[in-house]
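The tour goes from one selection to the next.

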Amino acid sequence: MSFLEQLNNPDDLKKIDLNQLGNLAQEIRQKIISVISKTGGHLASNLGVVELTIALHRVFDIGKDKIVWDVGHQCYAHKILTGRCNDFDTIRQFGGLCGFPKTTESPYDSFGTGHACTAISAALGMTIARDLSGKSYKVIAVVGDGALTGGMSFEALNHAGHLRKNLIVIFNDNEMSISPTVGGFLQPIDRLRTSQRYNRFRKEIADMASRFGSLATQLAKKIDDSAKTFLTNGMLFEALGFRYFGPVEGHDIPGLIDTFERVKNIQGPIIIHIVTKKGKGYKYAEDDSAKFHSASSFDVSTGQSSGIKKLSYTDVFSSTLIKLAESDDRIVTITAAMPDGTGLTRFMKKYPERSFDVGIAEQHAVTMAAGLAMQGMKPVVTIYSTFLQRAYDQIIHDVCLQNLHVTLALDRSGLVGADGPTHHGAFSFAYLRHIPNITVMTPKDESELQSMIKTALDHHGPAAVCYPRSSGIGVHIPENIESIPIGASETLRTGHDVLLLPVGSMVYPSLKAAEALEKDGISAAVVNARFVKPIDKESLIPLIRQIKKVITIEENSVRCGFGSAILEMLAQENEIYDINMDFMGIPDQFVEHGERDILLQMFGLTPEGIAQSVYKMLRDGNSKKISTFRRIASRARRGFQS
Ligand SMILES: Cc1ncc(C[n+]2csc(CCOP(=O)(O)OP(=O)(O)O)c2C)c(N)n1
């Protein structure tokens, strides 16, 4: 029987012979590689923490103590060891295990995560709750060197050092974020590893100690530890009020267990610095951990991705920016630790002096862009929609209030699929469109994305371009890039029974729906709104007045989204009374993980779903909805007037 088969509950790990834990690590590693090669997922980070996870589970009481994983993308071994081994092959699939810790999935997941830099804050909150309620569990935050580039981590360290609660922070140092970790903070560690003077000093101390016996050896160890603390991040952590231990070899299970046993009952906040190898145990992931950070399915024997890579919106964004930067040296790009994911790597190679990876620091990225714009540059901040949520105040206070010429490129706007609720870009329109001065656009295809990037760069003032995580439609991308007049919609199809008013990724499905409806004798007009803000009032109001039946369609939260913008416009214009409206989009709920197509289908955001909404609207007539809207409209108008 394999070791994994012997583990029915987390306590069973404690029964395995210490010498056999290395074999268990191998089994876990094989399981992760085999499953992730089929489902895709965060391979390299998980392979790096297998021994660390086993040691944590061995030493701590996992049923009682709380482990908070930062980002949570490295929790696969933890899932396997906490009763989810048999379901592990469902990971990231619709209805299967989530790729991140999720409190509703297992009592052993102490805190839900997906975004970086939250672990120390959450863990500190748990220690406060523990002490206030007179309980005695231990709280352990596991944080990577990448996550330590984010301000929140430092805010939490500063506060934890001040409160002096019993808190254990495991600093998982693999020298990599997704790409190499950015920043001066981590340089002392590298310097120490390679410092010949330090290594010579260690050797001299050790030689001397061996000549003078055991007391001298203990003293020498103390001197070495102090020197190490002084020379590494230890000094920084100690200045923040933490006791520092390490660096500890992160793939040596007995060594890790020994360290955890020795320090687990120390009073006050402690930090244990563990050095691991990202991708450990799978050659291809060790050699290219960035590629295997979040891998799509691949062939285990060659490390090659399976499936054909189609041109994505990210690729088109990348090429467009490079093209535009050739003739405009004020264009500067900023990424928050995601040069590959956002497509900026090529730009960074071509224009290294005009490219900035700021670390996992979305807030800083946006305010830095504001500074650049204030001095006449044209910064393009490229961040996934979900992570830009972090910089909401910076967008309002630093960029929009000063009406600065900053372009926000929101990749992964809409449903992202397997990464699930922490990563869906469901709120792009909702968190941007109410901010004064900003222009918000979303392209129907690759060619329009190209034009929108240019439009944003030509327009003076803040502008956001929101595009989905997917391959494009496959349309021709013209060499010559034209910008679009701000706010102009585009009529793609005339009709008189119903007006389909889609934006972005919903334009082509709406066109297909209109074609299908035509076969049933229903005449649907389709207008690509293009702008979520400003709305093309001049074109849309007469059209809506004429057709009177409108369906807005967006891959965004319907609450406060594009449909709401249309409703507000109609209410403001006193137009709402005899208009029948429906709003299609992401409903008022957090959306689970699963293939993007499945999720879109679930919400009817497909040609069939859109056609169904039209049939329903025509069947139900004007009755119910109008009275509802009458009430909304009069309430809205009262709001607008006050
Ligand atoms: C706020 C936020 N920004 C960006 C990301 C994307 N992201 C996921 S993991 C990661 C790197 C984390 O590096 P590290 O903490 O060192 O962990 P490792 O993957 O090296 O184990 C990034 C940038 C995120 N999850 N959250």
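Select α2 and α4: is their crossing left-handed or right-handed? The crossing of α2 and α4 is right-handed; a crossing counts as left-handed if the near helix is turned anticlockwise from the far one by less than a right angle, and as right-handed if clockwise.

This is a predicted model, in which local features need pLDDT of at least 70 and side-chain atom pairs count only at pLDDT 80 or more, while totals for chains, interfaces and linings use all residues. Residues are numbered from 1 along each chain as its sequence is written, and side-chain values use heavy atoms, with hydrogens and water left out.

**Stop 1: two helices**

Stay with α2 (residues 21-39) and α4 (residues 50-59), whose axes are 9 Å apart and meet at an angle of about 125°. Helices (H or I, at least four residues) and strands (E, at least two) are DSSP runs, numbered from the N terminus. Axes are lines fitted to C-alpha atoms, for helices over the stretch in contact, and angles run from 0 to 180 degrees between N-to-C directions. The pair α2 and α4 is therefore oblique; under 35 degrees would be roughly parallel, over 145 roughly antiparallel and 65 to 115 roughly perpendicular, with the rest oblique.

**Stop 2: ring pairs**

Select Tyr 282 and Phe 292. Their ring centres are 5.8 Å apart and their planes at 90°, so the pair is edge-to-face. Rings of Phe, Tyr and Trp (its six-membered ring) pair if their centres lie within 6.5 Å; planes under 30 degrees apart are stacked, over 60 edge-to-face and the rest tilted. Tyr 282 is buried, at 6% relative accessible area, and Phe 292 is buried at 2%. Buried means under 20%, exposed over 50%, and partly exposed in between (1.4 Å probe, protein chains only).

Next select Phe 317 and Tyr 467. Here the centres are 5.7 Å apart and the planes at 25°, so this pair is stacked. Both Phe 317 and Tyr 467 are buried.

**Stop 3: charges over rings**

Select Lys 66, which lies over the face of Tyr 137, at 4.9 Å from the ring centre. Then go to Arg 354, whose charged end sits over the ring of Tyr 351, 4.3 Å from its centre. The rule asks for NZ of Lys or CZ of Arg within 6 Å of the ring centre and within 35 degrees of the ring normal.

**Stop 4: a buried serine**

End at Ser 428, in helix α19 (residues 428-432). Ser 428 is buried, with a relative accessible area of 0%.
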